[in-house]
Amino acid sequence: MKNIYLLLFAFIINFQILSAQKLVDYNFISTVTKADFMNSFGLEAKYDVDMYKLRYETDDIMGALDTASGLLLVPVDAELAFPLHCSQHGTVGSREDVPSNLQGGYQLALIVAANGFVTSAADFLGLGDARGIHPYIHAETEASAGIDMLFATREAQDQIGFTLNDQLFLSGYSQGGHAAMAAHREIQENYADDFTVTAASHMSGPYSVSQEMTQFTLGDEEYFFVAYLAHVANSMKMAYPTLLADFELEDMFKAEYLVEINKFFAEEVDLF
């Protein structure tokens with residue numbers, strides 16, 4: 001009987017460990033040398049950087065398990081322990097326009113990595129390898145996609161061959177500013193035992209959508225890029241289907257614009 005209890009205990013422990021795993025797999029892309037970096041950016045780099053496409057598990061907007069993707073950037077020096085950097089990208093034009101494809105503003109993440117930070121740049125839900133439509137500026141899933149990739153990055157240490165110290169830095173620009181702030185709040189409220197935020201820079205994000213952004217887009221100043229409005233509206237409808245059950249895009253946009261809007265959500269045209 002004692003052996004049965006020991007086996008049961010071991011099974012429970014192993015199940016908990018396996019269920020906590022986030023990393024699915026990773027693939028090496030290429031190495032950016034210090035000379036490559038200087039040629040591309042005209043800046044000095046402290047380290048060569050190995051680039052990987054990383055796939056990991058995270059919940060989709062309905063809470064179902066999905067496999068998402070992102071770009072992992074590792075400074076090349078096996079002797080050092082590096083800080084971890086969470087880089088959240090800005091608004092992108094399509095599923096393919098993401099960091100793991102070396103698009104979507106991945107250069108900002110690369111600059112940080114070349115200066116000595118292991119950098120995790122999630123593609124976000126509905127982009128890259130994740131299924132469905134991207135829930136644009138939905139704070140909860142911006143945060144979870146970024147944080148789950150941080151966990152996956154930690155898991156990849158031994159397999160790839162790098163070492164992390166206990167520091168975490170967060171940054172993002174535009175939508176990335178919103179996403180980085182969302183991740184920061186989520187870490188403070190629910191993951192304080194897992195991560196200690198050393199410093200954060202949430203730059204130029206649409207933080208006040210219901211007030212400042214609404215006043216701006218509906219104000220007297222002419223607004224030339226209304227695609228953001230459709231993106232936000234569709235995102236909120238996905239996130240809150242019951243609350244917005246009676247709301248359709250047809251209630252907000254004129255018919256002549258709906259054709260292109262629906263083409264975008266069907267991935268037939270890009271945002272830009």
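Predicted model: local features only at pLDDT ≥ 70, side-chain atom pairs only at ≥ 80, totals over all residues.
Residues are numbered from 1 along each chain as its sequence is written. Local features need pLDDT of at least 70, side-chain atom pairs count only at pLDDT 80 or more, and totals for chains, interfaces and linings use all residues, while side-chain values use heavy atoms, without hydrogens and water.

**Exercise 1.** Determine whether Ser 100 is buried or exposed, and list what it touches.

Solution. 
- Locate Ser 100: the loop between strand 4 and helix 3 (106-114). Helices (H or I, at least four residues) and strands (E, at least two) are DSSP runs, numbered from the N terminus.
- Apply the cut-offs: buried is under 20% relative accessible area, exposed over 50%, partly exposed in between (1.4 Å probe, protein chains only).
- Ser 100 has 6% relative accessibility, so it counts as buried.
- List contacts (heavy atoms within 4.5 Å). Leaving out residues up to four places away in sequence, Ser 100 touches Ile 29, Lys 53, Ser 69, Gly 70, Leu 71 and Asp 123.

**Exercise 2.** Describe the aromatic pair of Tyr 47 and Phe 82.

Solution. 
- Search the whole structure: 9 aromatic pairs turn up. Rings of Phe, Tyr and Trp (its six-membered ring) pair if their centres lie within 6.5 Å; planes under 30 degrees apart are stacked, over 60 edge-to-face, the rest tilted.
- Tyr 47 and Phe 82 are edge-to-face, at 5.2 Å centre to centre and 90° between the planes.
- Both residues, Tyr 47 and Phe 82, are buried.

**Exercise 3.** Find what covers the buried residues of helix 6.

Solution. 
- Helix 6 spans residues 175-190.
- Its buried residues include His 178, His 184 and Ile 187.
- Among the covering elements are strand 4 (81-88), helix 4 (139-155) and strand 7 (197-203).

Notes
Expected span 1.5 Å × (residues − 1).
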